[in-house]
Amino acid sequence: MSTVVATKSLSVMDIRARKGGVPLVCLTAYTTPIARIVDKECDLVLVGDSVGMVLHGLPSTLPVTLDMMIMHGKAVARGLEHALMVVDLPFGSYEQGPQQAFASAARIMAETGAAAVKLEGGRRIAGTIRFLVEHGIPVLAHVGMTPQSVNAYGGYRVQGKGESADEIHADARAVADAGAFAVVLEKMPAGLADRITADLAIPTIAIGGSAGCDGQILVIDDILGLFDDFKPNFVKRYAHLAKDAATAVAAYADDVRNRSFPEDEHVIRDN
Ligand SMILES: Nc1nc(=O)c2c([nH]1)NC[C@@H]1CN(c3ccc(C(=O)N[C@@H](CCC(=O)O)C(=O)O)cc3)CN21
Ligand SMILES: CC(C)C(=O)C(=O)O
Ligand SMILES: [Mg+2]
C-alpha cells in the first residue's frame, strides 16, 4: 500500500490569520501544469478572469464567461494540493445583486471545488459580499483599479490619487466590514495601500500596491515573460519564456528544413 502524506490545503482562516505576518505569496494560474508549479510556493492561487486576455487573446476581461472560469477552475484544481484556490466572478455574473452573485458563485464552488470567489468593487458591492459570506461562500474582495470597469475609467488608470484616496479607502473598509476574508488592492499609490493595510483587520494583497501590504499577487504569465501585449509598471519579469519559446521553435524549424530532425533516436525501426 502506498503511503499518502496528508497534505492539508490552506483554508480562508489560515489566510486571514496571516494579517501582519509573513507576506502572502499569491499568483494566478489557468492550467493544471502551471497550478502544480505555483502550488509549491503559493499560499493562494487565483484563477483570474485575466485568463481571457492572457490565454484567449481577448482585448479585455469583459467577454470572459462563467463557463470559461469553471473550465479553467477545474483544470487548476487538479494541480493544487496546498494553496487556497480562488476563482474570479466574471463581468456580468454578479452585478445584478446578491441572488445572481450567489447562483454564479455556487456553480463555481460546486463544479470546481474552489474555496472562495473574488469579485470587483467596493461600497456598491458590499451588500452582495455580505450575502455571499452569510450563505457560506468566502469572498476575496478587490478594490482600487478594478479591470472590469476599464470602460468607465477610459483605460487601466491608477485609482486613488489625491482626493479620491478617501473613496478607495472607504471601499476597502466597506468590503472588510461586509466580511471579506482579504482584499486585493490594485494599481494605487503605495501610501494609500499602506494606510488601508494599517486600518483593516483583514490581509491586503497588492498588485501595484506597496511592499507593506500583507501579500502580493501577479499574473503568472507576466512574471514568466510569456505575456508581451503590455507590461504594467507593477510587473517584474523573473523569466523570459516567450523569448525561449521563439528560440526553440526557430531551432525546430531549421532542423525540419535541413532534415536534421528527426534523428535516429526519434524514428521507429522494424527490429
Ligand atoms: N497579463 C495581465 N496582467 C495583468 O496584471 C492583468 C491582465 N493581464 N488582465 C486583467 C487585468 C488588466 N490589468 C492591467 C492592465 C493594464 C495595466 C497598465 O498599467 N497598463 C498601462 C500600459 C502598459 C503598457 O502598455 O506597457 C497603461 O498605462 O494603461 C495595468 C493593469 C491587470 N490585469
Ligand atoms: C490580477 C488579479 C488580481 C486578477 O484579478 C486577475 O488575474 O484576473
Ligand atoms: Mg480579475
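1. Basis. The model is predicted: local features need pLDDT of at least 70, side-chain atom pairs count only at pLDDT 80 or more, and totals for chains, interfaces and linings use all residues. Residues are numbered from 1 along each chain as its sequence is written, and chains are lettered from A and ligands numbered from 1 in the order in which they are written. Helices (H or I, at least four residues) and strands (E, at least two) are DSSP runs, numbered from the N terminus.

2. H4 against H5. Helix H4 (residues 66-77) packs on helix H5 (residues 98-112) at an angle of about 30°, and their axes are 9 Å apart. Axes here are lines fitted to C-alpha atoms, for helices over the stretch in contact, and angles run from 0 to 180 degrees between N-to-C directions. H4 and H5 are therefore roughly parallel to each other (angles under 35 degrees count as roughly parallel, over 145 as roughly antiparallel, 65 to 115 as roughly perpendicular and the rest as oblique). On the H4 side the contact uses Leu66, Met69, Ile70, Gly73, Lys74 and Ala77, and on the H5 side Ser104, Arg107, Ile108, Glu111 and Thr112; two residues are in contact if their C-beta atoms, placed from the backbone, lie within 7 Å. By class, this contact has five nonpolar, three polar and three charged residues. Ala, Val, Leu, Ile, Met, Phe, Trp, Tyr, Cys and Pro count as nonpolar, Asp, Glu, Lys and Arg as charged, and the others, Gly among them, as polar.

3. H5 against H6. H5 also packs with helix H6 (residues 126-134), at an angle of about 50° and with the axes 9 Å apart. That makes H5 oblique to H6. Pro98, Ala101, Phe102 and Ala105 of H5 meet Gly127, Thr128, Phe131 and Leu132 of H6. The contact of H5 with H6 has six nonpolar, two polar and no charged residues.

4. Ligand 1. Of the 15 residues around ligand 1, Ser50, Tyr156, Val219, Phe230 and Pro232 come nearest; a residue is near a molecule or strand if its C-beta atom, placed from the backbone, lies within 6 Å of it. H3 and helix H10 (220-223) are the elements that give two or more residues to this shell. The shell around ligand 1 divides into eight nonpolar, three polar and four charged residues.

5. Ligand 2. Around ligand 2 are Thr28, Leu46, Gly48, Asp49, Ser50, Asp88, Val184, Ile207, Ile217 and Val219. Five of these residues are nonpolar, three polar and two charged.

6. Annotated sites. An unreviewed UniProt entry places the feature "binding site" at Asp49, Ser50, Asp88 and Lys118. These residues are spread over 70 residues of sequence but cluster in space, with a largest C-alpha distance of 12.5 Å. The feature "binding site" is also placed by UniProt (unreviewed entry) at Asp49, Asp88 and Glu120. That set spans 72 residues in sequence, yet no two of its C-alpha atoms are more than 10.9 Å apart, so the residues gather at one spot. UniProt positions are given in the numbering used here, feature names are shortened, and annotations may be inferred rather than shown by experiment. Ser50 sits in the loop between strand S2 (44-47) and helix H3 (51-54), and Asp49 lies in the loop between S2 and H3.

7. Backbone details. Most residues other than glycine have a negative phi, and most peptide bonds are trans. Lys187 has a positive phi of about 45° although it is not a glycine; Lys187 lies in the loop between strand S6 (182-186) and helix H9 (190-199). Phe261 and Pro262 are joined by a cis peptide bond, with omega about 0°. Pro262 is in the segment after helix H11 (241-258).
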